[in-house]
Amino acid sequence: MPPVLEFDHVTKEYCGWFGRNPVCALDDFSLRVEPGEIFGFLGPNGAGKTTAIHIAMGFMRPTRGSGQMLGRCFGDAHTRSRVGFLAETVALYHRPLARLVRFCGQLNGVRDPQLRQRTREVLETLDLTDVADRNVGKLSRGMLQRVGLAQALVNDPELLVLDEPTSALDPPARVAVRELLLAMRAVGKTIFLSSHQLSEIELISDRVAILYRGRIRRLGRTSDLLESHEHLQVVARGVDPGSFEGATTSNGFVSFEVVASAQRAAIERVWSLGGEIVRVNPARRSLEQIFMEITRNAGEERNR
Amino acid sequence: MRTVLLMAANFLHQQRWLTVVLVLYAAGTAAVLGFSEKQVSAEDAAFFLRQQSLYAPLFTLFLAVSAIHNERKSRRILAVLSKAITRQQYLAGLLAGILAVLGAYCLAIGISGVWLVRSSQASLGQLWMLLGMTVVTSVLVSALALFFSTFLPPLFATVATALTVAVPAALEQAAGRGWGKPASGLFAGDAGLRSHAGGPCC
């Protein structure tokens, strides 16, 4: 099956007047997003995430390289009628909410009665029906973010490109959006999600890419990234936790991590101390730990 | 075409209060002139029309140079360009919106002008000529300003538009009347500007 979104060796350089002070935002960046997946796109500020999204949406052209969205080159207007987009900073026209959502649907070529029905559906889904007649300019930031999602969903998109979709939402709204995204994936939609909410990405994304200074530093299935094959978690009982570095105790079980090569020595040490091994598993790390490790390593590499 | 009209209607909605102010300004100025004296003189009517027909291109100039800049600055442009709309349609929509504001303003000038000219018992022929020139000049100015504002900041776009529109008049001044005639023929805006600069219209 062809990818929904594909970057092919894309480089983007920003330059000052007369080509002075060039900054490389994306450096030979390649990525494929497969149909029906939730793809987490991570990176610290200034990593190039928004630049990549803007190139995909056709807001700017790459300096080198190319790419496709839903089988057409980046920037094709007709293709965008099948895409929903939410920008990092939600900025919308100050009009009554329902009219604004209708306007966005109309720009995407959706016509009545389908448009009327879709508008009603998205407002209900995002719990905006009560404020449908209120002017968007008078809404709170959280509400505005929900309106941003509503305008992105009104055309029933095949691909949803979301840049920080839950940054201003309260926990219940965040859970609701998460459930909405999972429901969309269940019906075969693809979601390209850029976010700093690592715990959320960890919960819902199928694959993750971590970007640092315009280059992908880690790409893979979320479950594979979270499970380390270099480190193992050993759980034992009947031993003193002070005997092992970084050991923690819970319900009488002592848990500690060792590198894979030291597995045998650690197990023999437990036995020699009169303890008993309960289990040995690949160590599971949080996305935050991986993210911090990658950005730290990349930073050190760059300094060297 | 539908997308262009949608964008134009949206622009008009965004600028609705400015449009109302412009219309009220034209009508109000005419009312002040018309009701302040028992008999409106031809000079008063001419003054009103010359003033308004100078303001119309100026208003459209400022509206056009700030249109894209404001959309960029507020980042609303991203919400629009992420939809199934080409850049050409987007620009055409903005231009159509600006022309809709201009249309409302010129309509107000026309109605007020007819009333003043009739009150002064002068001929209406020159009024239509001046109004036509105002519309043509304003359309030209707004199209140029919009074009320049796609790659220049508002101030530079304003200067570039003013210079471009003033080229035929400057040519004529520099090289004599015979030289300027063909350029004036090409640039209707120049004729409009010269009519603002002086000469009785009614």
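## Contact between the two domains of chain A

In chain A, 12 residues of domain 1 are in contact with 9 residues of domain 2, two residues being in contact if their C-beta atoms, placed from the backbone, lie within 7 Å. On the side of domain 1 that touches domain 2, at least two residues each are supplied by helix 7 (198-204), strand 9 (207-212), strand 10 (215-221) and helix 8 (222-226) of chain A. Helices (H or I, at least four residues) and strands (E, at least two) are DSSP runs, numbered from the N terminus. Helix 7 of chain A gives the most to this side of domain 1, with 3 residues. By class, this side of domain 1 has 6 nonpolar, 1 polar and 5 charged residues; Ala, Val, Leu, Ile, Met, Phe, Trp, Tyr, Cys and Pro count as nonpolar, Asp, Glu, Lys and Arg as charged, and the others, Gly among them, as polar.

The structure is a predicted model, in which local features need pLDDT of at least 70 and side-chain atom pairs count only at pLDDT 80 or more, while totals for chains, interfaces and linings use all residues. Residues are numbered from 1 along each chain as its sequence is written, and chains are lettered from A and ligands numbered from 1 in the order in which they are written.

## Chain A as a whole

Domain 1 of chain A covers 5-224 and domain 2 covers 227-303, with bounds that come from an automatic or database domain assignment. The centres of the two domains, taken over C-alpha atoms, are separated by 38 Å. The C-alpha trace of chain A spans about 75 × 50 × 40 Å along its principal axes.

Chain A contains 10 helices and 14 strands. Of its 304 residues, 39% are buried; a residue is buried if 20 or more other C-beta atoms lie within 10 Å of its own, exposed if 12 or fewer, and partly exposed in between.

## Helix 3 of chain A

Helix 3 (residues 97-107) of chain A is mostly covered, with 10 of its 11 residues buried. Among them are Leu97(A), Arg102(A), Phe103(A) and Gln106(A). The cover over these buried residues includes helix 4 (114-125) and helix 5 (141-153) of chain A, together with helix 1 and helix 4 of chain B. Gly109(A), which follows helix 3 of chain A, has a positive phi near 85 degrees.

## Where chain B meets chain A

Contacts between the chains involve 17 residues of chain B and 20 residues of chain A. Helix 1 (2-14) and helix 4 (76-81) of chain B each supply at least two residues of the side of chain B that touches chain A. That side of chain B is made up of 7 nonpolar, 7 polar and 3 charged residues.

## Nonpolar cores

A nonpolar core is a set of buried Ala, Val, Leu, Ile, Met, Phe, Trp, Tyr and Cys residues joined through C-beta atoms within 7 Å. The largest has 123 residues, and Ala150(A), Val161(A), Ile98(B) and Tyr105(B) have the most contacts inside it. Its largest share, 13 residues, comes from helix 5 (residues 87-119) of chain B. A second, separate core of 9 residues includes Leu232(A), Ala236(A), Phe256(A) and Val270(A).

Leaving aside residues up to four places away in sequence, Tyr105(B) touches Leu22(B), Val23(B), Ala26(B), Ala56(B) and Phe59(B).
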